[in-house]
Amino acid sequence: MRRVGFFGGTFDPPHRGHLEPAQRAAEALGLDAVVFVPAGSPPHKQGEPMTSFGHRFAMTVLATQGEPGFFVSDLEAARQGPTYTIDSVPLLRRAWPAEQTFFILGSDSFVQITTWHRWAELLTLIHLVVLHRDTSWGAAMLEAVPSWVAQRVVWAKPGRTLAVPETGPRRIVMVEHPPIAAAATDLRARIRAGECVAGLVPDAVLDHIAKYRLYR
Ligand code: ATP
């Protein structure tokens, strides 16, 4: 059975906190592909300054080039207005056909899921895969969402592939892995200040940022 995970984000820039947890999710669910989906116009970041789609797409391609199972989608480039996940999922499934599909997000995004456009419908459409971000996890994370949402949660243990049934309600899979303390907002500020962020951002991405003088 082919299993594909769609990983939405701004990726401004992509960093270790995206890449390593995505690998852990791929292992935990036996994913054949993880498709990074740079947002066209992220609904939660309307009005905030953002690097162009072209640069964010290029950086995400560079960040994932060493991983044969990691791909990048340009699907949201052409869309007008805020790009909602609920609208992207059917288009992504058409572009990346698979028997089982998942939407990957960080735990900080998951605790805000009820603010997403048509969020309850999204939870009936696709399984979610939640990555451990240092800011929210465990009981506090589950208390932040409605109880019927928390009841859909299953925990994926490291070193074991979790089978997720296609029957019954869509599941919410929590991937247990050591959190990686990295955030794009902080990295942009550090790059702007001339600090070294090697190890947190792939070298090829850092070269791209330097060449095009991004975040200056
Ligand atoms: P910003 O600081 O600009 O908000 P970010 O670092 O959160 O950016 P995004 O591109 O907005 O990066 O995140 C894309 C997805 O990846 C989100 O679902 C987010 O929760 C998740 N994510 C980001 N950083 C981490 C991390 N360190 N660990 C786990 N998940 C993460």
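Let me begin with Tyr 215, which lies in the segment after helix 9. Please keep in mind throughout that this is a predicted model. Tyr 215 is not a glycine, yet its phi is positive, near 65°. Most residues other than glycine have a negative phi. Is Tyr 215 buried or exposed? Its relative accessibility is 9%, and a residue counts as buried under 20%, so Tyr 215 is buried.

Helix 8 spans residues 184–192 and helix 9 spans 203–211, and in the loop between them lies Gly 194. With a relative accessible area of 56%, Gly 194 is exposed. I would ask you to find Arg 216 as well: Gly 194 and Arg 216 are 22 residues apart in sequence, and their C-alpha atoms are 8.9 Å apart in space. For another pair, consider Pro 178 and Ile 209, which are 31 residues apart along the chain and whose C-alpha atoms are separated by 28 Å. Pro 178 is in the loop between strand 7, residues 172–175, and helix 8. At 62% relative accessibility, Pro 178 counts as exposed.

I turn now to the ligand. Which residues come nearest to it? There are 21 residues around the ligand, and those that come nearest are Asp 108, Arg 133, Ile 180, Ala 184 and Thr 185. Asp 108 places a polar side-chain atom 2.5 Å from an oxygen atom of the ligand. Ile 180 contributes a backbone N or O atom, 2.8 Å from a nitrogen atom of the ligand. Ala 184 likewise contributes a backbone N or O atom, in this case 2.7 Å from an oxygen atom of the ligand. How much of the ligand does the protein bury? Taken alone, the ligand exposes 600 Å², and the protein buries 90% of that.

His 132 is my next residue. His 132 is found in the loop between strand 5, residues 127–131, and helix 6, residues 138–143. At 16% relative accessibility, His 132 counts as buried. Leaving aside residues up to four places away in sequence, His 132 touches Ser 107, Trp 137, Val 175, His 177 and Pro 179.

Let us now consider the strands. Strand 1 is mostly covered, with five of its seven residues buried. Strand 1 pairs with strand 4 in the parallel sense, over five bridges. Within that pairing, Phe 7 has Ile 104 of strand 4 as its bridge partner. Strand 1 also runs parallel to strand 2, to which six bridges join it. Here Phe 6 stands opposite Val 35 in strand 2.

Which of its residues are buried? They are Thr 85, Ile 86, Ser 88, Val 89 and Leu 92. Seen down the axis of helix 3, these residues fall within an arc of 150°, so they line one face of the helix. What covers them includes strand 1 (3–9), strand 2 (33–38), strand 4 (100–106) and helix 5 (119–125).

I close with two points of backbone geometry. Most peptide bonds are trans. The bond from Asp 12 to Pro 13, however, is cis, with omega near 0°. Pro 13 lies in the loop between strand 1 and helix 1, residues 16–29. Arg 118 has a positive phi of about 50°, although it is not a glycine. At 39% relative accessibility, Arg 118 counts as partly exposed, whereas Tyr 215, with which I began, is buried.

Definitions and conventions. Residues numbered from 1 in each chain as written. Predicted model: local features only at pLDDT ≥ 70, side-chain atom pairs only at ≥ 80, totals over all residues. Heavy atoms only, no water. Buried < 20%, exposed > 50% of the residue type's maximum accessible area, 1.4 Å probe, protein only. Helix = DSSP H or I, 4+ residues; strand = E, 2+ residues; numbered from the N terminus. Arc of directions from axis to C-beta. Contact = heavy atoms within 4.5 Å. Near = heavy atom within 4 Å. Polar contact = N/O pair within 3.5 Å; in protein donor to acceptor, adjacent residues only side chain to side chain. Areas by Shrake-Rupley, 256 points an atom, 1.4 Å probe, with all protein chains shown as cover. Pairing = 2+ DSSP bridges.
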